[in-house]
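Hi,

Here is the structure I promised to pass on.

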Amino acid sequence: MKPETDLEIFLVCAPGFEQVLRAETIEKGFKKPKASHGGVTIWGGWSVAWRANLDLRGASKVLVRLGSFKVTHLSQLEKRASELPWSELLNDQVSVRLEASCTKSKIYHQKAAAERIGRAITRAAGCRLDDEGDITIKARLFEDRCTISIDISGDGLHKRGHKEALNKAPLRETLAALILRQCGYDGTEPVLDPMCGSGTFVLEAADIATCQKPGRSRSFAFEKLMNFDPELWEKMKSKDTRISPAAHFYGFDRDKGAIERSQANAQRADLGDQCTFTHAPISTLKRPDGPAGLVIINPPYGVRLGDVKKLSALYKSLGTVLMREFSGWRVGIVTNTDKLAKATGLPFVENPTRFDHGGIKVSLYQTDPLA
């Protein structure tokens, strides 16, 4: 196996937010992060990879690169895969799921590629292959180079472990964290979402403000690897970083059920004292007492032809209320068309951040503090 300091660790994130995640890795003390399409690469030992799962809010997965090599036929692929340190990581007590992709390569059949790599793994480690396996191995063949990685996260990192009640089409916590950071949020100011759904933005903002570790309440795939050190992991998890924030966090929604779900999620996350959720329509929205902060919104999108016209009135109403009530506050809105953003009448800065949300091309539109 490579020396501890030589491990290549890839942090997956939503395309469009690579530099935002890179900034977070620097803030959290990870060394020499390098952004590329779809994520950020860091280097270090296995404990560094574990800490990335525990501490980073914007990463959706953590992958450890086990090897990368040129390959042009299946027997060569199996031979090179056999040289990787499977017996140091896996044994007959775990099951393995294999994912393979082939692009612009002489090996073009991904099922055949997965079968050969699977043979190499089972022969070396004695583990069994299973589509619902404990550990996922990812093989990517691109232009005759095979890169093999192990997914040490397991479930996506947006599953923090304390949010059970969901609204329709919920925003993932990892994406919410990236959007908040892109809006300049650092945990020191109030955050308000007038269409809060299941409370993702509000709860993530409160969690950031309390300085808690986002992975504190869940388990990870790396805990099933042979090199896992439970004592070191417990020591890493047990460091109490929680503080009492100066700011408060607010969610509003016209759907009473959404408010009930948000309140339940806040209690599970131990954030009930930091958050207030209120059943109210946008038309009655008022600025809360205290300093200005950030209004962040993920409103309905105009997905189908004709939706934009129907939704324009909602966006206009939202902009009118924000301009009237929220002087000094910044605003961030996620939507999928410039027309809907312009319907708010808000003074958005140029060059919105473009990204994908649930397969829809969307943008984050931001304002400076409102006059």
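Below is what turned up, one topic at a time.

First, some ground rules. This is a predicted model, in which local features need pLDDT of at least 70 and side-chain atom pairs count only at pLDDT 80 or more, while totals for chains, interfaces and linings use all residues. Residues are numbered from 1 along each chain as its sequence is written, and side-chain values use heavy atoms, with hydrogens and water left out. Helices (H or I, at least four residues) and strands (E, at least two) are DSSP runs, numbered from the N terminus.

Let's begin with the aromatic rings. Rings of Phe, Tyr and Trp (its six-membered ring) pair if their centres lie within 6.5 Å; planes under 30 degrees apart count as stacked, over 60 as edge-to-face and the rest as tilted. The whole structure holds nine such pairs. One of them is edge-to-face: phenylalanine 222 and tryptophan 233, at 5.0 Å centre to centre with 90° between the planes. Phenylalanine 222 is in the loop between helix 6 (200-209) and helix 7 (230-238), and tryptophan 233 is in helix 7, 11 residues apart. Both are buried, where buried means under 20% relative accessible area, exposed over 50% and partly exposed in between (1.4 Å probe, protein chains only). They also belong to one aromatic cluster with Trp50, Phe220 and Phe228.

Some rings have a charge over them, meaning NZ of Lys or CZ of Arg is within 6 Å of the ring centre and within 35 degrees of the ring normal. The charged end of arginine 51 is 3.9 Å from the ring centre of phenylalanine 30. Arginine 140 lies over phenylalanine 142, at 4.9 Å from the ring centre.

Arginine 140 turns up again in the second largest pocket, among the lining residues closest to its centre, together with Phe10, Leu63, Arg65 and Thr147. On a 1 Å grid over the protein atoms alone, a cavity is a set of points where a 1.4 Å probe fits but cannot get out, and a pocket is an open set with protein on both sides within 12 Å along at least five of seven lines; lining residues have an atom within 4 Å of a point. The pocket has about 520 Å³ of space, a volume being the space filled by probe spheres set on the points, which are joined across faces, edges and corners. Strand 7 gives the most to the lining, with four residues.

Yet phi is near 50° for glutamate 143 and about 65° for aspartate 144. Glutamate 143 is partly exposed at 41% relative accessibility, whereas aspartate 144 is buried at 12%.

Is helix 5 mostly covered or mostly open? Mostly covered: eight of the 10 residues in helix 5 (173-182) are buried, including Leu175, Leu178 and Ile179. Glycine 184 follows helix 5, with a positive phi near 85°.

Last stop: threonine 367, in the segment after strand 15 (360-366). Threonine 367 is buried, with a relative accessible area of 5%. Beyond its neighbours within four places in sequence, its contacts (heavy atoms within 4.5 Å) include Trp329, Leu346 and Phe348.

Cheers
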